[in-house]
Amino acid sequence: MFQGSLESFSSFFADTELRRQCNRTRRIGLMNGDVISNATSEASGINARVFRAGRCGFASSPETDISAVERILKQASDNAAFLADRLPDAGGNLAPRAPVTHRGIWVPDRVPQREILEFLQQIDDYIATRYPQLAARYVGCSCLSLEKELRTNDGVYSYSFMPRSNISVSLTAMTKEGTPVDRYEIFGGAGVYAENFSDPALLYPRIDAVVEELMQKRDGVFADAGRKTCIIAPELAGMLAHEAVGHTAEADFVISGSVAGPYRGKEVASSIVTLTDFANTYNGQTLPTPIYVDDEGVEAKDAVLIDHGILTGWMHNRSSADRYGDPRTGNALAFGFADEPLIRMRNTAILPGTDRLEDMIASIDDGYYFTATGNGQADATGEFMFGITMGYEIKNGKLGQAIRDTTVSGVAFDLLKTVDMISDQMVWLNAGMCGKKQPFPVGMGGPHIRCKINVGGK
Amino acid sequence: MNRVEQIARQCLEYMLAEGATDGACNASSGAKTEFYYESGELGLLRTVNNVSVSLKALVGTKKGTESLNSFSPEDLKRAAKEAVEAAKISKEDPAEGLPEEISVKRFEFGSLVPDRETMLLRLREFFDQLKAEYPSISVDTASIDHSASESVYCTTNGICLSVSKGLYSFSPMFMAREGEKTSSFNYYGAVFVAPDMPMLDLADGRRALEDSVRQVDPVPMEGKFTGEVIFTPGCFGSLLGSVEGNFLSDGVLIDGTSIWKDKLNAPVAAPCLRWSSRPRSEEIPGGYFMAGGYEAQNMELITDGVLKNFVLSRYGAKKTGRERSASAGGCYFVDGGDRSLQEMISTVKHGLLVARFSGGEPSGDGTMSGVAKNSFEIRDGKIVHAVSEAMISGNLAEMLKDITEISSERVNDGTSVLPWVKIKNIVISGQ
């Protein structure tokens with residue numbers, strides 16, 4: 001936890017943010033029993049952002065004493081002046097922030113590295129003993145926490161602590177042709193290590209399920225390329241919400257020409273689709289990336305992007321909200337102490353419907369059920385792709401053979417219009433990192449969705 | 001001895017005092033200056049001052065690592081203690097150790113001081129030229145930055161390699177717009193020693209912008225066929241990156257899952273392919289001097305279709321009983337062929353010209369599929385139109401064998417020098 005506080009700091013000269021931050025990580029990895037990584041790291045410092053005549057100066061330093069603070073405030077002011085003196089006025093000053101105070105809770109991460117290593121070794125021993133037929137295994141632990149303290153010239157003070165801890169297992173089997181097939185699964189989520197992991201045996205049933213899926217995949221078939229009616233699992237629904245729709249509704253992309261721009265107020269999805277970027281809470285549950293005050297000092301609000309099929313709004317920073325005359329949503333977030341806040345998502349999800357998964361599977365004669373994804377990308381047109389790392393054929397209303405890795409793609413608003421069934425459960429995932437200029441831990445969620453999607457394959 | 005080297009040597013002493021039998025330390029101090037354009041404005045000038053220290057402690061053959069961004073003696077002592085403690089609880093691994101080749105060298109490259117006035121001038125010039133020459137282009141983000149660093153790698157067995165480096169880079173992300181129509185995102189990027197030329201003329205910038213203008217109204221791909229695909233230099237470079245990761249690198253060779261593990265000095269690609277990793281080439285400022293504690297050297301990866309080297313670190317080499325590689329990968333060079341891009345297009349019966357592959361990670365056996373972004377359909381030797389929703393599927397290893405032609409033109413983006421490459425037998429599918 002930080003020593004001292006910025007709360008009483010008052011040496012501001014203009015529209016200014018001052019943020020102190022410390023990111024801590026742990027990374028331990030075992031490959032086939034060998035310790036290939038055993039590391040901890042800490043990156044901390046302070047930054048200032050100063051606005052002048054619509055331009056912005058930013059400076060950061062790893063030192064956080066009072067002289068460093070004064071130095072970066074001056075450097076940020078000089079940077080803003082450098083731009084303002086050479087470029088035309090870019091729209092004057094932004095409206096001030098509403099004063100808000102948020103004091104999050106710091107949770108100590110006291111579990112020794114030795115204890116985590118032993119935990120992983122027990123998991124590795126379990127896999128090696130129980131599944132000697134595997135060609136390779138990797139067991140790893142990754143912990144990340146973002147601790148931030150923010151002070152602005154107009155009375156905002158925020159302290160936040162956002163930890164996540166995950167254990168990942170990657171297993172490889174060889175096909176009868178001698179080629180490798182793998183399956184990767186990640187456990188844990190928001191919270192420090194001790195909040196997520198207590199007994200390795202609790203993970204064994206989930207690891208057994210991963211091995212079973214791997215064996216199904218090893219003996220699986222290649223997907224048939226073409227446009228198919230499919231069911232995508234919550235992991236993919238969350239990816240769809242984030243990659244394919246969410247990015248197009250970030251106001252900076254809208255300003256640049258995102259496909260979503262002209263569609264505000266228009267129908268872009270089936271009427272059963274509602275999609276929201278939640279600030280911190282859903283149905284009373286704290287979400288994987290809870291943001292209460294963003295890194296510009298704006299109180300975070302839910303941003304409803306699609307309401308029953310109608311595109312309703314964007315995610316904003318201060319500047320874009322003022323530009324569109326919209327309420328500020330608090331979507332400006334930075335990853336590290338040396339990073340400036342960008343408009344980005346927090347916890348993005350398609351909301352559940354009323355259908356049952358069994359009925360959804362039974363409704364498909366020839367299609368696929370995709371259950372896991374490895375990565376996803378989308379662009380300004382809404383065209384997206386997801387890597388599929390686990391899935392099954394659906395034949396005559398029943399699950400068939402597992403499939404090997406493939407890719408699915410589509411155009412977001414076209415796909416969302418084909419959604420005709422949404423399951424009644426809601427699953428949140430928090431292992432994802434968004435890669436917009438800087439990395440950032442994000443939450444994604446959703447139910448099962450029936451839709452038409454392009455499938456890559458042979 | 002400069003301050004960074006003093007810090008590194010101090011850290012080695014701290015680790016030995018804590019009980020390490022050996023140790024290595026990377027320390028660096030640097031600054032980054034960035035002009036950043038987004039949301040329609042050149043709105044940000046950012047200065048990032050930072051330091052970093054990475055410690056590797058060895059207790060026998062047990063390893064622990066710790067990194068931090070502070071030069072304060074208290075923090076360094078704490079980090080050294082934690083690195084040694086991590087090593088003590090780790091597992092013996094005979095492959096661990098320090099580089100055996102004792103070398104003391106210093107490398108200097110570029111200027112450590114950013115020319116802010118010229119950086120701003122070049123960025124403004126870029127937007128003026130865009131407005132005049134490519135009026136339908138809308139820039140999402142663009143940055144020109146200068147990174148300067150003083151770094152050193154020291155070990156307890158006497159190695160000391162230090163690098164002083166200052167480099168510029170430029171990278172815009174853009175699309176074309178006409179009314180409500182929008183092309184896909186496109187981008188290019190380059191690394192350079194001095195901002196002495198227009199940013200539009202770097203790498204294949206003009207071609208990328210011209211392509212985007214022509215991609216504003218793409219035709220959805222229909223049907224499914226097996227055809228030829230010409231990959232742009234940037235896209236082919238990405239595929240080579242996957243080849244390195246999936247078949248040539250530490251992880252897949254240590255765990256034995258690389259499908260090329262027994263292919264050293266055997267044919268793995270078409271005979272026309274010569275692929276090398278040249279971090280020390282004077283043609284690219286974006287190379288590197290150090291590779292895992294050794295002085296980096298250029299090396300051949302594939303010569304005349306034959307695999308000549310893996311990309312193995314010291315640890316990977318010890319684990320697999322193979323030779324450590326001279327380079328740490330990347331910095332790709334592919335020799336040009338004897339036909340022009342236009343001639344290559346003219347011999348395609350039905351296929352695609354693909355500038356960006358947006359796909360899932362290739363699986364261990366090289367199977368891959370994904371969306372062909374920023375692409376054009378080619379029929380009977382002519383580009384007929386831009387396409388959307390086109391998927392391509394293939395196998396990385398097979399694709400290298402199926403290379404049929406390599407262009408005489410190559411693109412140098414400051415980190416690699418690559419041509420256009422034509423590959424047959426790719427499954428292309430649409431709606």
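Helix 1 of chain A, covering residues 66-86, has 21 residues and reaches 31 Å from its first C-alpha to its last, which is close to the 30 Å expected at 1.5 Å a residue. This helix belongs to a predicted model, and its buried residues pack against strand 1, strand 2 and strand 3 of chain A together with strand 2 of chain B. The points below begin with this helix and go on to the contact between the chains, the domains, the cores and some of the sheets.

**Helix 1 of chain A**

- The buried residues of helix 1 of chain A are A:Val69, A:Ile72, A:Leu73, A:Gln75, A:Ala76, A:Ser77, A:Asn79, A:Ala80 and A:Leu83.
- An α-helix has 3.6 residues a turn, so residues three or four places apart point the same way.

**Where the two chains meet**

- On the side of chain B, 63 residues are in contact with 72 residues of chain A, and the largest share of that side of chain B, eleven residues, comes from strand 2 (residues 41-59) of chain B.
- Sorted by class, the side of chain B that touches chain A has 16 nonpolar, 29 polar and 18 charged residues.
- Strand pairing also crosses between the chains, with four bridges joining strand 2 of chain A to strand 3 (residues 62-68) of chain B, and these two strands run parallel.
- Within this pairing, A:Ala39 has B:Thr65, in strand 3 of chain B, as its bridge partner.

**The two domains of chain A**

- The domain assignment divides chain A into domain 1 (15-218) and domain 2 (226-455), and the C-alpha centres of these two domains of chain A lie 21 Å apart.
- The contact between them involves 37 residues of domain 1 of chain A and 24 residues of domain 2 of chain A.
- Several elements of chain A each supply at least two residues of the side of domain 1 that touches domain 2, among them strand 1 (15-31), strand 2 (34-52) and helix 4 (204-218).
- By class, that side of domain 1 of chain A has 15 nonpolar, 14 polar and eight charged residues.

**The two domains of chain B**

- In chain B, the domain assignment gives domain 1 (3-214) and domain 2 (218-431), and their C-alpha centres lie 25 Å apart.
- The contact between these domains takes 27 residues from domain 1 of chain B and 20 residues from domain 2 of chain B.
- Among the elements that give two or more residues to the side of domain 1 of chain B that touches domain 2 of chain B are strand 5 (137-155), strand 6 (160-178) and helix 4 (205-214) of chain B.
- By class, this side of domain 1 of chain B has 15 nonpolar, six polar and six charged residues.

**Nonpolar cores**

- The largest nonpolar core has 220 residues, and those with the most contacts inside it are A:Ile232, B:Phe231, B:Leu352, B:Val354 and B:Leu400.
- Apart from its neighbours within four places in sequence, A:Ile232 is in contact with A:Ala237, A:Leu240, A:Phe370, A:Ile449 and A:Cys451.
- A second, separate core has 35 residues, including B:Ala8, B:Cys25, B:Leu76 and B:Ala83.
- In soluble globular proteins, nonpolar side chains tend to be buried together.

**Sheets and a hairpin**

- In chain A, an open sheet of six strands has the order 13-12-9-16-25-22, with mixed pairing.
- Strand 13 (310-311) and strand 22 (427-429) of chain A stand at the edges of this sheet with a single partner strand each, so one side of each is left without a neighbour in the sheet.
- Strand 9 (residues 275-278) and strand 12 (residues 303-307) of chain A pair in the antiparallel sense over three bridges, and A:Thr276 has A:Val304, in strand 12 of chain A, as its bridge partner.
- In chain B, three bridges join strand 12 (residues 275-277) to strand 15 (residues 299-303), and these strands run antiparallel.
- Strand 15 and strand 16 of chain B form a hairpin with two residues between them, and B:Asp304 in the turn has a positive phi of about 50°.

**A buried lysine in chain B**

- B:Lys319 lies in helix 7 (residues 314-320) of chain B, and B:Lys319 counts as buried because 22 other C-beta atoms lie within 10 Å.
- Not counting residues up to four places away in sequence, B:Lys319 touches B:Ala95 and B:Ile254.
- B:Lys319 and B:Ile254 are 65 residues apart in sequence, while from C-alpha to C-alpha they are 6.2 Å apart in space.

How values were computed:
Residues are numbered from 1 along each chain as its sequence is written. Chains are lettered from A and ligands numbered from 1 in the order in which they are written. This is a predicted model: local features need pLDDT of at least 70, side-chain atom pairs count only at pLDDT 80 or more; totals for chains, interfaces and linings use all residues. A nonpolar core is a set of buried Ala, Val, Leu, Ile, Met, Phe, Trp, Tyr and Cys residues joined through C-beta atoms within 7 Å. A residue is buried if 20 or more other C-beta atoms lie within 10 Å of its own, exposed if 12 or fewer, and partly exposed in between; C-beta atoms are placed from the backbone. Two residues are in contact if their C-beta atoms, placed from the backbone, lie within 7 Å. Domain bounds come from an automatic or database domain assignment. Ala, Val, Leu, Ile, Met, Phe, Trp, Tyr, Cys and Pro count as nonpolar, Asp, Glu, Lys and Arg as charged, and the others, Gly among them, as polar. Two strands pair if DSSP finds at least two bridges between them. The expected span of a helix is 1.5 Å times one less than its number of residues.
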